[in-house]
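The following paragraphs go through a few parts of this structure in turn. The model is a predicted one.

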Amino acid sequence: MGEPTGSEPCTLQEAKDHLKVDYSTDDALITALISSVRHQLEQYTGVSYVARQVDIIAKLDGCHAFELPFGPAASLPTITELKVLGGASEVLTSYTTYGGVGEFIQIIPTDYPGTFAVTYT
C-alpha cells in the first residue's frame, strides 16, 4: 500500500478538542497517534480512510471474484499480467467488475487465470 496522498480523517485540532488539550507541547505525538490509529484501523478493517495508490499482487483463477482490499476505490483498477519466465507483461483488458468508483470493487478476469499486478487509488 502506498503512502497516503490525502489528509488524515481527523485533524490535529479536532483531536486536541476531543482530548481537551489546549497546549502545543504534544502536537507531534498527537499527530503521530492519529496516523498510527488510522493505519491500524485500515489493517484491521481492510478499508482505506485516506486517498492512496494501492499496488497488490493477486492470483486470479478466472472463476471467482476477487475483492480489492482497502476500498472504496476512487478509480477502476489497472490489471497487468505477471509473466513468470520473463515474458512480456500485458495489461489485462478483459475482466468483469462488480462495483464502481466510490465502491468496493470485485474483479473476475474473463480471459484466463494467472497472477496479476493490480493498481488503483
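Two strands are taken to pair if DSSP finds at least two bridges between them. Strand 3 and strand 7 (residues 114–120) are joined by 4 bridges, and the two run antiparallel. Within this pairing, Thr80 has Ala117 of strand 7 opposite it.

The side chains of strand 3 alternate between two faces.

Ser75 lies in the loop that runs between strand 2 (66–67) and strand 3 (78–81). Buried or partly exposed: which is Ser75? Its relative accessibility is 22%, and because buried means under 20%, with exposed set at over 50%, Ser75 counts as partly exposed.

Which residues does Ser75 touch, leaving aside its neighbours within four places in sequence? Ser75 is in contact with Val101, Ile105, Tyr120 and Thr121. With Thr121 there is a polar contact, made between the side chains of Ser75 and Thr121 at 3.0 Å. Gly102 stands 27 residues from Ser75 in sequence, yet the C-alpha to C-alpha separation of Ser75 and Gly102 is 7.8 Å.

Val37, Leu41 and Tyr49 make a nonpolar surface patch of about 260 Å². Of these residues, Leu41 belongs to helix 2 (residues 27–45). The relative accessibility of Leu41 is 40%, so Leu41 counts as partly exposed.

Conventions:
Residues are numbered from 1 along each chain as its sequence is written. This is a predicted model: local features need pLDDT of at least 70, side-chain atom pairs count only at pLDDT 80 or more; totals for chains, interfaces and linings use all residues. Side-chain values use heavy atoms; hydrogens and water are left out. Buried means under 20% relative accessible area, exposed over 50%, partly exposed in between (1.4 Å probe, protein chains only). Contact means heavy atoms within 4.5 Å. A polar contact is a pair of N or O atoms within 3.5 Å; within protein, one must be able to donate a hydrogen and the other to accept it, and residues adjacent in sequence count only if both atoms are side-chain atoms. Patches are made of residues with over 30% relative accessible area and no salt bridge: like charges are joined within 9 Å, nonpolar side chains (Val, Leu, Ile, Met, Phe, Trp, Tyr) within 5 Å. Accessible areas come from the Shrake-Rupley method with a 1.4 Å probe; for residues, only the protein chains shown count as cover. A salt bridge is a side-chain nitrogen of Lys or Arg within 4 Å of a carboxyl oxygen of Asp or Glu.
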